[in-house]
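Visitor: I would like to learn how to read a structure. Where do we begin?

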Amino acid sequence: MNNLQTYKTYPYTFYQWIWKLVDWIYPPSCGGCGKFGVRWCLDCQQSLAKISDPICPSCGVPTSNSVCPTCGDQPLALDGLRAYAGYAGALRNAIHRLKYQRDVALGETLSYFLVELYYRVEWRVDIIVPVPLGVVRRRERGYNQAALIAYPLSLAVHVPYDAKALSRIRETSSQVDLGLSERLENVKNAFVADSARVNGRTILIVDDVTTTGATMNACAVALKKAGARYVYGFVVAKTILSKGGKNDRAS
Ligand SMILES: [Zn+2]
Ligand SMILES: [Zn+2]
């Protein structure tokens, strides 16, 4: 009788149970190593290169300075960017499977990492927004992997989710083969935000992976142009380009 109400009260639990049911019907294999029976195994968890202090308070890269040299030269429009772990090994495999092999259940698995991150930072957030895909990419893939991570995060930390706050108005090419200046140009003015949804609010944008934060930063520029008060960013994984050195601000 009151099942529906219970679900409304505990949407996150309900969401988790849906995936547990899916796993029961279609037994999963580990997103990191392929081991049968779990979506993410202990060995893969222990293999993660978690990013820990000391980090740059702005972009979140490991650094011995208080602010990293890149942020010193080119401050981010983001008020803070944090990544859970380095983009390598098991985590890289899991993100690939989520993105390119339609292993959509991994979105919920990866969202746990961001829940942990959320309770570590002390940011007061009004809405959680996934970094949007362009219409063409979205149609090709059938889903936005960032949304599959951002939605369970929003349920877990009780912050409203709004996928309509930000749109990608220009299709951008893959950043992989682009040089620094091309990457910056590639994402420039690619996003637009809805001021009715973001004006005066603090936004947390979520993506699967970043190299140096240029995409996240382009989102922050659009959100601030539409009146957002503060914009923070979370990614599951970050490519660590050099230890203690300078990171180019390119993707
Ligand atoms: Zn594994
Ligand atoms: Zn920095």
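Guide: Begin with a term. Buried means under 20% relative accessible area. Keep in mind that this is a predicted model.

Visitor: Which residues are buried in helix 6?

Guide: Among them are Leu-106, Leu-110, Phe-113, Leu-114, Leu-117 and Tyr-118. In total, 11 of the 15 residues of helix 6 are buried, so by this definition the helix is mostly covered.

Visitor: What span should helix 6 have?

Guide: Count 1.5 Å a residue. The 15 residues of helix 6, 106-120, should then span 21 Å. The end C-alpha atoms are 22 Å apart, which agrees.

Visitor: Now the metals. Which atoms coordinate the zinc ion (ligand 1)?

Guide: Look for the donor atoms. Here they are the SG atoms of Cys-30, Cys-33, Cys-41 and Cys-44, at 2.3 Å. Along the chain these donors follow the spacing C-x2-C-x7-C-x2-C. Cys-30 lies in the loop between helix 2 and helix 3, and Cys-44 lies in helix 3, so the pair ties together parts 14 residues apart in sequence. Both Cys-30 and Cys-44 are buried.

Visitor: How do I judge the geometry?

Guide: Check the angles. The ideal for four tetrahedral donors is 109.5 degrees. At the zinc ion (ligand 1) the angles are 105 to 115°, and the site is tetrahedral.

Visitor: What coordinates the zinc ion (ligand 2)?

Guide: Cys-56, Cys-59, Cys-68 and Cys-71 do, through SG atoms at 2.3 Å. Their spacing is C-x2-C-x8-C-x2-C. Cys-56 and Cys-68 are in the loop between helix 3 and helix 4, 12 residues apart. Cys-56 and Cys-68 are buried. With angles of 106 to 115°, the site of ligand 2 is tetrahedral.

Notes
Residues are numbered from 1 along each chain as its sequence is written. Chains are lettered from A and ligands numbered from 1 in the order in which they are written. This is a predicted model: local features need pLDDT of at least 70, side-chain atom pairs count only at pLDDT 80 or more; totals for chains, interfaces and linings use all residues. Side-chain values use heavy atoms; hydrogens and water are left out. Donors are N, O and S atoms within 2.8 Å of the metal (3.2 Å for Na, K and Ca); water is not among the atoms, so sites may look incomplete. Four donors count as tetrahedral if all angles lie between 85 and 135 degrees; four count as square planar and six as octahedral if opposite donors are over 155 degrees apart and all others between 65 and 115; anything else is irregular. Helices (H or I, at least four residues) and strands (E, at least two) are DSSP runs, numbered from the N terminus. Buried means under 20% relative accessible area, exposed over 50%, partly exposed in between (1.4 Å probe, protein chains only). The expected span of a helix is 1.5 Å times one less than its number of residues.
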